[in-house]
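I opened the notebook to look up a few places in this structure. My entries follow in the order I made them.

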Amino acid sequence: MGFRYDETTRIASLENGEVAYLIYLNSLGIPIHLHFGRKLSAFPVHEYLKQPSCNYQFFKGGRFCSLDDYFEPIAPVEVSTNLCHDLRPSSASVDIRGSTALDFRFSRFEKASFLPDDSPLPHARGIREEDSSFAMVLKDAKEEVELVLTYLLFHDENVLVRRAKLLNKTGKTIYVKKLASATYDLPYCGQTIVHFPGAWSDERNVAEEEIGRGTKILSSSEGRSGHEENPFFILKEKGTDEDRGICYGFNLIYSGSFQNAIHRNGYDRLRILSGINPENLSFAVAEGASFETPEAVISFSQEGMNRLSQVNHRFAREHVIDPLQKRKQGEVVFNSWEGLGMDFNTNSILECAKEAKGIGSDVFALDDGWFSSRDDDAHGLGDWRVNPEKIDLAAVVDEVHRLGMRFGIWIEPEGVSVDAPLYRLHPESVLGDPERERKFQRNQLVADFSQEEVVDSLLAQIQDSLGKLSVDYVKYDMNRPLGDAISSAHPQGEVQHRYTLGVYRFLHGLKKIFPHALLETCAGGGGRFDLGMLYFSPQIWASDASEADRRIFIQHGTSYAYPLSSISSHVSKASGSYPSKAHVAFFGTYGYEMDPRTLSQEEKAFLLSFEKTVRAVHKEVVLEGDFYRLLSPYEGPRACWMSVCQDRSTAVFFHRSFFKEVASCRYVKLRGLNREFLYDVDGIPMAGDYLMDIGLNLSEYHEEGKDIFIVIRKIEKVSASKKTSR
Ligand code: DGJ
C-alpha cells in the first residue's frame, strides 16, 4: 500500500486495495504514464511502450523503439513539454523572456504537502495516514523553473487527486499562459465520453460522444463553471453501461472558467488535459513566487457508471463538503422566490411563514427583494441595506423563530445594479471596460471580485445589514456570466482566475459572519454546480426548472458526478401535480417553493403526509445512501431511480412513465439491496435476490405522467410460509 519507487524497474506507484497509479521514469528523466486502474500483478514496461517505428524524425527507423527513447506522437507522459518535441496539446505554456518552450525532467520525489482548510483554493480534505501521496518535482532542462506534481490516492476510494505548482527561480517575472491540473495519456481503444452540456433551466444533460481524431474541448469561459458545460465528464470503455464495465470520471475542484481537452491523435494516442481555461490566461509569477492549479479529481470504476457515481458521491461527501456544513443538512427549506418573487411586504411574508410552518417547513428563507430599491431585477444589487419601507426584517426573523422555524436569507454579492452606490461612486469596483459599451445581462453588472478590497467591502456591507440578525441559512446566488471580465486593477490575463479566488475569499468571509448558518449556493439556477462550490456549501440549487419532467432530466445528469444530498430541489408552484414534483424533489434536498397561501386543502394534506415519508427515510436513504439510475429518460419514455441506505434495510424506488403505457411485459431489476434480505414492497414480501435478478413487475396500464414511488423496507422477522414473491 502507499507510495513506492522501485529503483530497478524505475516505476513509481500509488496503490490502495483495488487500484494502482503507475509512472515510469525513463532514462531521459521524462515521467511516462503507465496505468491508472485495477491493480496488476506486474507491469511489463517494455512490452507496453513498444511501438513500431515509422518514418518520422524522432523515430529510430526500422525497429521497435526502445522504451527509453522519447517518441512525441505516442509517449504517454505525466506532463507534456511545450515546443520541445511534443506536438499534441501541451500541459503547460509559460512565457519566460519571450519563449514558451518547456522541457521538464525529473528532479526528485518529495513528501506531498496538503492545503489547510482556509487556503485560497478549495481542495480535497479529510486526508488520513492510510491514504497515499507523493510529490514529484520536475525541472526545466534550461530555465530555473520547477514543476511540482502532487498526487493523492485515497485508501478506501478509487479517487486520485492531482495538482500542479510552478515555481519561478529565473530571477525574472514569468507568465503562466496554461497549466493543466492533470494530464492523462492512454491508448485509444474505442472509448467514448459522456459529458453534461446544458443551458439555463436545462442544466447537465447527458451527452455521449465518440472520440474522433482531433481535439474536443469541454469548457467554460464565463468566469463560473456555467450552465453550458460542467467540469465533470466520463471516459467510458466500450461496452460499459450503468452496471458493468470500466469508466473514469474527471472533475476539478474549481468554480471558474475551466477547460477539459480530449485529444486523439493520428497514432490513436489519447490525451486528456484538465484545468483552468487557458483562454485569456496570462498570470504573472514574480521571482521566488509560484502558481498553483486547482485540484483535478480522477475517479475509477470497473463496475459501470452507477458505481462510478457512488465513488464520486462518497468523495464529495467525505472529502470535499465541509463536515460542519453537512451536519446542518436535512431540514425542509421553504423558499419565497417562486411563490412571491420580489412582490412582498412584512405582512405577506409573515402570512407565508405561518403557512410554510403548516406544511412542515423547518427553515423559512426570504429570497431576492428585501434590500435597497430591489423591486425588480434592474435595481438594488450592490446596496445591501435592508429596505425598511418594504420589510421589517428583524420582526420577520423573530416571528419565524417564534413559529419554531429557522430563518434564511438570499444574497447575490457579485451582482451590481446601475443605481447602486457601488457603481455610481466607485465604477472602478465593477468589471468592464469603461471606454466600451457596458453589457447589462439580467439588467446588471458584476462587482470586480478580482480585487480583494471589493470583496471585503461587500462582506462588510453584509455584516452591517445582516450580521446582527440571527440568520440560520444563507442562499448565495450569482446571476450573470463575466462577459466583460476587464478589471481596473489587474492585467486582463489574471482577472478571471483572481475573480474565482475572490469568490472563495467571500465565501470564507461569509462563514465567519454566519458561523452557524447552512450555506446554499446558486447561479441563476444551476450555473455554478461544481466541487469548488461544494467545498463551501453542501447543497447547490440545481436549476430554475422545477416542473417534474424537466427536473428529472436535470437531476439524472447531475447525479453522475454529485451526491443527491447536494442537489437542492424544491416542490414548487411550477406546472404539474404536487405528488409528481414531490417525488422528484425527494431525490434531492427536498424543500418547498410556492405561495403556501394558495394551496388547496387537498394539496396541503398531500404535502403533510408525504413529509412523513421524508422525515422517516430521506436522510438515511437519500442524503447518506447509495443512488442507482435504473432507466434513463435520455434513452426511452421512462425514468427510474432508486436509492438505498448503507445497511441495505431501506430503499426508495421511483418510476415515471412520460407517456401512456399500454399493458406489456415490463420488469425493472433493482440494485443495491441485500440478496439475503426479505423486503416489504408495497405490502408484498419479496426477497432481495428476486428483486435484483427478476425485478419489479411494472406490466400495468399507466396513464401519461404516472409515477410509482415505493418505500421498500426490510422485513425483520417473517415466517417461512410468508416468503413468497409477488
Ligand atoms: C435565480 C435563482 O436561481 C432563483 O432561485 C432566485 O434566487 C432568483 N435568482 C432571484 O433573483
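**Entry 1: helix H11.** I am working on a predicted model. I began with what the buried residues of H11 pack against: E28, strand E29 (567–568), helix H12 (578–586), strand E32 (626–631), strand E33 (638–644) and strand E34 (650–657). I then looked up how covered H11 is, and nine of its eleven residues are buried. Among them are Ala548, Arg551, Phe553 and His556. Ile552, Ile554, Gln555, Gly557 and Thr558 are buried too.

**Entry 2: Ser546.** I moved to the loop between strand E28 (539–541) and helix H11 (548–558), where Ser546 lies. Is Ser546 buried or exposed? I noted a relative accessible area of 4% for Ser546; that is under 20%, so Ser546 counts as buried. Its side chain makes a polar contact of 2.7 Å with the side chain of Ser572. Leaving aside neighbours within four places in sequence, I listed the contacts of Ser546 as Arg551, His570, Ser572, Ala574 and Lys581. Arg551 is also one of the buried residues of H11.

**Entry 3: Asn205.** Asn205 has a relative accessible area of 17%, so with the cut-off at under 20% it is buried. Asn205 and His556 are 351 residues apart in sequence, yet their C-alpha atoms are 8.1 Å apart in space. I checked polar contacts. A polar side-chain atom of Asn205 lies 2.9 Å from the backbone oxygen of Asp202. The side chains of Asn205 and Tyr634 are joined by a polar contact of 3.4 Å. Beyond neighbours within four places in sequence, the contacts of Asn205 include His195, Pro197, Arg550 and Tyr634.

**Entry 4: the ligand.** Which residues are closest to the ligand? I found Asp367, Asp368, Asp477, Gly525 and Asp544, out of 13 residues that surround it. The shell divides into four nonpolar, three polar and six charged residues. I noted three polar distances. A polar side-chain atom of Asp477 is 2.7 Å from a nitrogen atom of the ligand. A side-chain N or O atom of Lys475 is 2.8 Å from a ligand oxygen. Trp541 has a polar side-chain atom 3.4 Å from an oxygen atom of the ligand. The protein covers 99% of the 290 Å² of accessible area that the ligand has on its own.

**Entry 5: helix H2.** H2 (residues 304–319) has 16 residues, so at 1.5 Å a residue it should span 22 Å. Its end C-alpha atoms are 22 Å apart, which agrees. H2 is mostly covered, with 13 of its 16 residues buried.

Definitions and conventions. Residues numbered from 1 in each chain as written. Predicted model: local features only at pLDDT ≥ 70, side-chain atom pairs only at ≥ 80, totals over all residues. Heavy atoms only, no water. Helix = DSSP H or I, 4+ residues; strand = E, 2+ residues; numbered from the N terminus. Expected span 1.5 Å × (residues − 1). Buried < 20%, exposed > 50% of the residue type's maximum accessible area, 1.4 Å probe, protein only. Polar contact = N/O pair within 3.5 Å; in protein donor to acceptor, adjacent residues only side chain to side chain. Contact = heavy atoms within 4.5 Å. Near = heavy atom within 4 Å. Areas by Shrake-Rupley, 256 points an atom, 1.4 Å probe, with all protein chains shown as cover. Nonpolar A, V, L, I, M, F, W, Y, C, P; charged D, E, K, R; others polar.
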